Amino acid sequence: MKFTTSTSILFFILLHLFVLLSCHRPNFASAAGGKWNILMSNIGISAMHMQLLNNDKVVIFDRTDFGHSNISLPDGKCRNDPNDTTLQIDCTAHSVEYNIVTNSIRPLMVQTDVWCSSGSVFPDGSLVQTGGFNDGEKVVRVFKPCNGNNTCDWQEIQGGLAQRRWYATNHILPDGRQIIIGGRRAFNYEFYPKPASAYKAYSLPFLVQTNDPKIENNLYPFVFLNMDGNLFIFANNRAILFDYTKNVVVKSYPQIPGGDPRSYPSTGSAVLLPLKNLQTQQIQAEVLVCGGAPKGSYISAQNGKFLGALSTCGRIRITDPNPQWTIENMPLARTMGDMVILPNGNVLIINGAATGTAGWELGRDPVLKPVIYRPDNPFGSRFEIQNPSTIPRMYHSTATLLRNGRVLIAGSNPHIYYNFTGVLFPTELSLEAFSPSYLDPESEYLRPQIISPASQYIIGYGQRVPIRFKVSGRVNRNLVTVTMVAPGFNTHSFTQNQRLLVLANENVKLVGEKAYQVNVVTPNSATLAPPGYYLLFVVHQDIPSEGIWVKIQ
């Protein structure tokens with residue numbers, strides 16, 4: 001074949017174009033690992049809300065107006081609620097406590113409707129859950145964990161809220177209070193607990209500005225406590241930095257590129273990426289927002305046309321003077337996905353659908369494959385596809401990290417009531433665990449085992465703490481870190497109050513046969529780590545130990 005000058009030039013251009021595109025194409029690793037295990041085939045309810053507590057038990061609940069659940073209340077108890085829209089007298093449970101150690105369920109009793117509510121854990125370890133629907137919209141419910149006697153149950157505080165809270169977001173504050181932000185037709189925020197002299201809510205115009213008429217797209221806003229004590233609040237497709245003590249917007253962030261909504265019902269998810277270098281003057285904080293649904297998806301799905309979910313993530317350094325979004329492409333488009341921070345600082349993206357939105361019967365094409373996001377990897381090589389589940393986890397699914405490093409997965413009920421037959425995605429009552437590849441037996445020789453301190457250890461702020469651990473294999477002392485994870489309240493694809501801190505540490509020292517010690521310094525303020533219970537892990541070459549509970553106060 002004879003080349004002319006023009007064909008040679010064309011060949012040269014095409015060759016360089018191919019190289020250029022190859023260099024900028026995201027490098028998605030194919031199924032790298034992860035294992036699935038069914039823990040229980042039927043826990044009696046569909047897990048719409050979930051919270052891990054410091055006694056290694058998980059409180060789970062759905063809603064009281066679903067109809068009869070598949071688990072009875074104990075000792076002949078029945079809920080008598082004349083305001084309930086479905087069953088005024090109901091002898092079945094709509095909340096359960098899952099015991100991780102015994103792999104068993106204990107039914108709990110909620111009196112008023114907890115549907116689409118919010119919550120966070122108080123510094124004393126109690127789960128404080130707020131709002132819901134109907135007669136539950138202004139109720140505060142408290143669950144104090146108990147050990148051994150199995151007598152603890154929900155306590156309800158009528159009128160604990162100044163405003164109705166349905167689809168709101170909670171966050172624990174440095175002083176131990178909770179702030180409750182937004183909800184359906186609630187363009188304001190309030191605190192719990194609150195003194196009688198300040199029994200009110202405070203206006204937040206940002207929630208009006210981000211409300212799409214007849215669609216909303218700003219429910220369950222993504223809220224994170226920033227390094228300066230202000231709150232990063234993301235709703236719909238944009239965010240503000242908010243001083244809740246003065247009711248002042250400190251900064252408005254750029255709209256996420258593309259302008260598509262990421263909040264309920266066009267549901268994406270978000271995490272505050274691991275906080276590092278905690279002893280420096282200027283601590284950097286980054287937020288990652290992934291998935292969601294394009295503009296118009298909600299109305300389109302109601303009309304029977306299910307648009308493809310978003311395949312992008314937006315990442316922004318919220319502490320920068322001039323913060324800008326960086327857009328990354330996920331290997332799998334996803335709406336209604338959950339994002340769970342793992343002990344090694346990676347992010348698990350799991351559950352959800354590839355088309356449609358959140359809402360009754362509005363999602364299609366379940367995404368069965370989770371994805372690991374590695375925030376420290378180079379741009380373009382951060383996503384890694386994991387092995388698939390066999391169970392669709394659609395609308396009203398949940399996920400939470402456990403102390404052993406597994407991720408508990410449950411829920412999925414896109415129906416107004418429990419519905420097990422004749423539907424695309426039956427109400428799901430099973431409970432399963434996803435084990436990331438760091439739990440593979442091949443990594444056992446690298447896995448740290450914490451010797452001391454013992455679990456339930458109390459620490460202070462800015463405290464030097466020696467951590468002793470064992471590793472059966474050879475230790476790379478330069479690849480040992482210690483992390484603290486705040487387990488969050490998970491519902492509707494967002495884990496409220498989720499937070500991971502990488503503790504400053506000194507050199508790792510050999511102190512015995514295969515035993516090592518690393519001295520760490522705890523966060524120096526409640527702004528970095530609000531008071532309460534955290535899971536502490538030693539991580540070696542990306543392989544975490546089993547966690548221990550620590551309480552910072």
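I will take two peptide bonds and then two backbone angles. Keep in mind that this is a predicted model.

Peptide bonds come first. Which residues does a cis peptide bond with an omega of about -5° join? They are Tyr-192 and Pro-193. To find the place on screen, go to strand β14, which covers 188–192, and then to β15, at 202–203. Pro-193 is in the loop between these two strands.

There is also a cis bond between Ser-452 and Pro-453, and here omega is about 5°. Pro-453 sits in a loop too, with β33 (449–452) on one side and β34 (457–459) on the other.

Now the backbone angles. Asn-247 is not a glycine, yet its phi is positive, at about 55°. Look for Asn-247 in the loop that runs between β18 (238–243) and β19 (248–252).

The other residue to look at is His-396. Again this is not a glycine, and phi is positive, at about 70°. The loop holding His-396 lies between β29, residues 383–385, and β30, residues 397–401.

One last point on these two: is each of them buried, exposed or partly exposed? Buried means under 20% relative accessible area, and exposed means over 50%. His-396 has a relative accessibility of 3%, so it counts as buried. Asn-247 has 35%, and therefore counts as partly exposed.

That is my part done. Thank you.

Technical notes:
Residues are numbered from 1 along each chain as its sequence is written. This is a predicted model: local features need pLDDT of at least 70, side-chain atom pairs count only at pLDDT 80 or more; totals for chains, interfaces and linings use all residues. Side-chain values use heavy atoms; hydrogens and water are left out. Helices (H or I, at least four residues) and strands (E, at least two) are DSSP runs, numbered from the N terminus. Buried means under 20% relative accessible area, exposed over 50%, partly exposed in between (1.4 Å probe, protein chains only).
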